[in-house]
Amino acid sequence: MINKVKDLRTFVRGRVLLPGDDGFDQARRPWNLAVEQTVPAVVEVADAADVAAVVRFARVREMAVSAQPNGHGATTNLDGAILLRTRRLDSLRIDPAARRASVGAGVSSGSLQAAAAPHGLTGLPGSSPVVSVTGVALGGGLSWFGRKYGWVADSVTAFDIVDAEGRQRRLTADTDPDLFWAMRGGGGSFAIVTALELSLHRAPHLYGGRMLWPAKHAPDVMDAYRQITATAPDDLTLWLDLLHFPGSDPMIAVDAAYLGQAATARGLLSPLDRLPHPLADSRRTMTVAELGTITAEPTDPGAGSSRAELLTELDDTAAKTLLADPIAPLMSVQVRHLGGAFTRPSDSPHGPLTEPYALYLFGVPADPATAEAVTARQRALADALPVSGRKPFTFLSPGETPADAFPPAALHRLRDLERRHNPHITFRANFPIRG
């Protein structure tokens, strides 16, 4: 394999790292350090022309290419593929009048939010500011503001891509409606995205933060959470978190983000204020650039094992099941309120999400025994809860497939489109459409 890529440096302007080079092992590692990526080369592309050159190089040599800014969502499926790091594709332009953003493939969600916030605008950020906007959009994307505006992918208006022939193209709903549909949430099996354009949304006011209690108050917190989410307007999103960090006592948190005035938000969240005094309460008026502070997720790579499900309901039985036993060895069990715009039509592979809640189970596989225990606890919880069997594509974990995420008709259409646009599997996605 090394002989196939030894002359790759002569084709690109960016840095090429091969096995044995200083920095190669660091460059090939994904965000989740529990996943091993065995690749013959890493290319830190300088521009879209580099991407096109690598695709042509790989095509001639019957190799595959996979793009990652920093490796979120990685699986072992990349083994043998040339890995493109797209962090240097970092162009970012905001058009406040048109409420549009042009975003390079390496731009993080936090960077987009920081650029949009001074204009009273927002993208559709999730919990972490360090994930790439492009990666989230290709996976569909669940956002703090998804109840108001739907999937992240629904806001994409154009892609700049390199196709399987190594050609640079601009893709819109007018130029190729089928491929545009597939890439708004169907993953990286169809082309390499070098930039995208997306609609921004008005956000003149935002109130949000986290309230945190000892686990002994979990039943009361759960009741308040269910009460609020039962009637919440689409501008309000709440996530419930059962937490158990090493060396700490178990806790429960409610994370909130409201697109509106603080006074209205406090009224909607008033059931939380009637609970016992919290350990911490960070709720405040904030800018959309500060959303990443609510959950304070790690901004450096680490090992993790996750599983996601969609809940068909959060009734008394489901609530009691979630709280019945300690979550250990898991570190967190998160319930995200969906509904709102997620239930409405979407011209994307996911279509509408009718399930009202998403469940995300996370643990750290510190050693083989712990890894097995984490997986067993995740499986036991999922088996005991009312799950639909479908998962958001953006939350798939190693070992799962697109068949776990998409309706059968959408998956059939995606597979047909991949055969047309990626016939030789030149593009290797984390979760390949054709398996």
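The model is predicted: local features require a pLDDT of at least 70, side-chain atom pairs count only at pLDDT 80 or more, and totals for chains, interfaces and linings use all residues. Residues are numbered from 1 along each chain as its sequence is written, and side-chain values use heavy atoms, with hydrogens and water left out.

The account begins with the interior. In soluble globular proteins, nonpolar side chains tend to be buried together. A nonpolar core is here a set of buried Ala, Val, Leu, Ile, Met, Phe, Trp, Tyr and Cys residues joined through side-chain atoms within 4.5 Å; buried means under 20% relative accessible area, exposed over 50%, and partly exposed in between (1.4 Å probe, protein chains only). The largest nonpolar core has 47 residues, of which Phe145, Phe159 and Met183 touch the most other members. Among the elements that each supply at least two residues of this core are strand 6 (100-104), strand 8 (156-162), strand 10 (192-199) and helix 13 (408-421); helices (H or I, at least four residues) and strands (E, at least two) are DSSP runs numbered from the N terminus. Helix 7 provides the largest share, five residues. Contact means heavy atoms within 4.5 Å. Leaving aside neighbours within four places in sequence, Phe159 has contacts that include Leu138, Phe180, Met183, Val193 and Leu196, as well as Arg169 and Arg170. Another core, of 38 residues, lies apart from the largest one and has Met222, Ala224, Leu240 and Val254 among its members.

Asp163 is situated in the loop between strand 8 and strand 9 (168-171). Asp163 counts as buried because its relative accessibility is 4%. A polar contact is a pair of N or O atoms within 3.5 Å; within protein, one must be able to donate a hydrogen and the other to accept it, and residues adjacent in sequence count only if both atoms are side-chain atoms. The side chain of Asp163 makes such a contact, of 2.8 Å, with the side chain of Arg167, and a polar atom of the Asp163 side chain lies 2.9 Å from the backbone nitrogen of Glu165. Beyond four places in sequence, Asp163 is in contact with Val55, Arg169 and Phe427.

Asp178 belongs to helix 7 and is partly exposed, with a relative accessible area of 30%. With neighbours within four places set aside, Asp178 is in contact with Arg413, Leu417 and Arg420. Arg415 lies in helix 13 and, at 30% relative accessibility, counts as partly exposed.

On a 1 Å grid over the protein atoms alone, a cavity is a set of points where a 1.4 Å probe fits but cannot get out, and a pocket is an open set with protein on both sides within 12 Å along at least five of seven lines; lining residues have an atom within 4 Å of a point. The structure holds one cavity of 30 Å³ or more. The largest cavity contains about 40 Å³ of space, and its lining includes Leu142, Arg147, Trp239, Arg336 and Phe342. Grid points are joined across faces, edges and corners, and a volume is the space filled by probe spheres set on the points. The second largest pocket has a volume of about 200 Å³. Among its 13 lining residues, Ala215, Pro250, Asp325, Pro326 and Ile327 are the closest to its centre.
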